[in-house]
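Visitor: I have a structure open and would like to learn how to read it. Could you take me through some features, starting with what counts as a contact?

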Amino acid sequence: MTTDQPLYTIACVACGKIWDESETCTTCLDCNNALDVQMNMEHISKGLNRFLLEHAPLSSAKYLDFYPIRDRSRVVSLREGNTPLYEVKKIATKLGLQHLYVKNEGANPTGVFKDRGSLVEITKALEIGAKGVCVASTGNMAASVAAYASQAGLPCYILVPEGTPIGKLSQTLSYGGQLIQIRGTYADCVVLAAEMALRNNYYLGGDYAFRAEGAKSIAYEIIEQLHWQVPDVVIVPVGCGTNLAGIWKGFYEFFVLGLVDRLPRMIGVQPTGSDTICTAFQTGQERFTKVDKPQTIASAVGIGVPQDDIKVLRAIRDSKGNTQTVDDSQILEAQKLLSKDESIFTEPSGAIPIAVLSRLLERGVISADETIICIATGTGLKDPKAALGAFSDPPSVDPKIEEIERFLASGIIGITSGDSERQEEVLLEKVLPENELQAILLREFHYTADDIITKSVAHEVEDFLRRGKEIRTADLFSILQEAIEDTTIPESPLRIKDFDSASGLSKTPSGSISITFEGQDLSASSDGVGPVDALIKALQKAVSQKSEFWPILQDFNVKVASSRENALVKVTMEMRDGQGNQVTAKASSPDIIVASLHAFAKGFNLLYPKQ
């Protein structure tokens, strides 16, 4: 390589100023805009081994000629790339499409497309001589950068918004990443990470110039996997925009080199709660539309201030592409569809391209006969909690084949959670006759309830309404699940009749409870560290009047089903007895104390007959 023909240069996407990577490789020091690596295509063309390119097995490292890496002896790779390109025929048939593919980036080493960029970034960190790596992330990049920094022997410091999915955080910690949660947004993390890197001579990782260079390999692989053909459309989830911009650059570089003879249209897709790029594109803006506090289940693209907005908007426009938004309920439905029909389990962000297909068809943005590639950005194991929102809780039964057969015959397997777009719709504001309630259960959840289940559901509905809570679709589904689950409890020796509790800031919590236990009415009172603790201790005192048995509470989990003030509270308790028997008991109510007591009583009733 000669001095007058460098392998690459780094230029500001706004003012065009050229920078040396020793000065900056993140943002322009003059105008604070993003930087872009400009590869010397003439230089690459002269040294390109086309036979090797066309015949060597797929891998991200295969494309080293296209990366801005000077010292290949320092390359940090975990064998990323070579992710499968699936033709998803079942979904295509449902939508009337002829050639629909999903590029499953969840097959990368840390389960996400970020690994491609981490190859280049962490290699550059070694080249530059950084003392460590610092990065802001919504979770995916955190795990990827931590893994590659570990391979490089560099300490890694990661700032994430508080509440980032635990699946991503556990990966980061396992790879040795030093994790700090910030009580703020991703944008806050970006600012703090930049300052932290500057003060400590760390390499600042993130959606900057070198990361996009790794993303190019997605385009290279798609071309090869389509037998050196270019698709008509590539649909990419957009957060910061770096991935889409990088994929477009990959297609463009192969086009410039004469390896392909045309280019695809790039379509950027986002959740409605974080529509920074889509809104900017649709309104003709050159820069993003800021979202102060992104609200979406697709946390990986919940970026309110995208750093690569100029590059991604240019890529979409230069490719004659388009954008589309979709709401969270449709994203979860697409995630479920992709898993069920095509056995591809992707994170919510990775399901957005599937979720927008019908709308793109309606708008005429894509056509049925085109070859369409959807980028599934990461594995669903990154955020398994989000996926559970589209499914009912798995049932529990006693270890008897008769119980399994009875449950299969009950129709529970066919139950669905209802239309995802109507989960917050109010279904009941008054008690209905049981035949009308049965009709609603059949219509909403495809479940034919027998008289026992119907009576149980009606009882819970009445209790909810008495407490001043209207019944929404999601609430009724939880009530139905609980009623069905209750049929698996063979005996109910313990029943709670009533309780009373009192507590305050300067008052010791106390509670009194009345129960029926093995046909006998009992009552007791107790103090505790909190109202639930006081009532469970009172319950123990009451039971002890007739039996020495008492279960051990191992775990106690409370989940609020939505952000509404009168939201349903779901309680799960892990309980065991002294003989090693263990059960999981669940209950729901608008009242956390009621839900907790009902869950405990169910656990007791499951364990008591085993004595």
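Guide: Gladly. Contact means heavy atoms within 4.5 Å. Leaving aside its neighbours within four places in sequence, Leu95 is in contact with Leu357, Ser358 and Leu361. This is a predicted model, where local features need pLDDT of at least 70 and side-chain atom pairs count only at pLDDT 80 or more, while totals for chains, interfaces and linings use all residues. Residues are numbered from 1 along each chain as its sequence is written, and side-chain values use heavy atoms, with hydrogens and water left out.

Visitor: How many residues apart along the chain are Leu95 and Leu361?

Guide: They are 266 residues apart, yet their C-alpha atoms are separated by 8.8 Å. For the chain as a whole, 66% of the contacts between residues at least 6 apart in sequence join residues at least 24 apart.

Visitor: How should I read burial, and where does Leu95 fall?

Guide: Buried means under 20% relative accessible area, exposed over 50%, and partly exposed in between, using a 1.4 Å probe and protein chains only. Leu95 has 29% relative accessibility, so it counts as partly exposed. Of the 611 residues of the protein chain, 55% count as buried.

Visitor: What is a nonpolar core, and which residues have the most contacts inside the largest one?

Guide: A core is a set of buried Ala, Val, Leu, Ile, Met, Phe, Trp, Tyr and Cys residues joined through side-chain atoms within 4.5 Å. The largest has 77 residues, and Phe66, Phe251 and Phe254 have the most contacts inside it. Helix α5 (residues 140–152) gives the most to this core, with eight residues. Apart from it lies another core of 32 residues, among them Val532 and Leu606.

Visitor: What about the angle between two helices, say α17 and α19?

Guide: Axes are lines fitted to C-alpha atoms, for helices over the stretch in contact, and angles run from 0 to 180 degrees between N-to-C directions. The axes of α17 (residues 434–445) and α19 (residues 473–486) come within 11 Å and cross at roughly 105°. Angles under 35 degrees count as roughly parallel, over 145 as roughly antiparallel, 65 to 115 as roughly perpendicular and the rest as oblique. That makes α17 roughly perpendicular to α19. Residues making the contact include Ile440 and Phe445 of α17, and Leu476 and Phe477 of α19.

Visitor: And in what order do the strands of the open sheet stand?

Guide: Two strands pair if DSSP finds at least two bridges between them. Here three strands form an open sheet in the order β16-β17-β18, with antiparallel pairing. Strands β16 (494–504) and β18 (520–527) stand at the edges with a single partner strand each, so one side of each is left without a neighbour in the sheet. Eight bridges join β17 (residues 507–517) to β18, and Ser512 has Ser525 in β18 as its bridge partner. Helix α20 (residues 531–544) lies across β16, β17 and β18, at about 40° to β17. Helix α21 (residues 592–607) packs on the sheet too, touching β16 and β17.

Note on methods:
Helix = DSSP H or I, 4+ residues; strand = E, 2+ residues; numbered from the N terminus.
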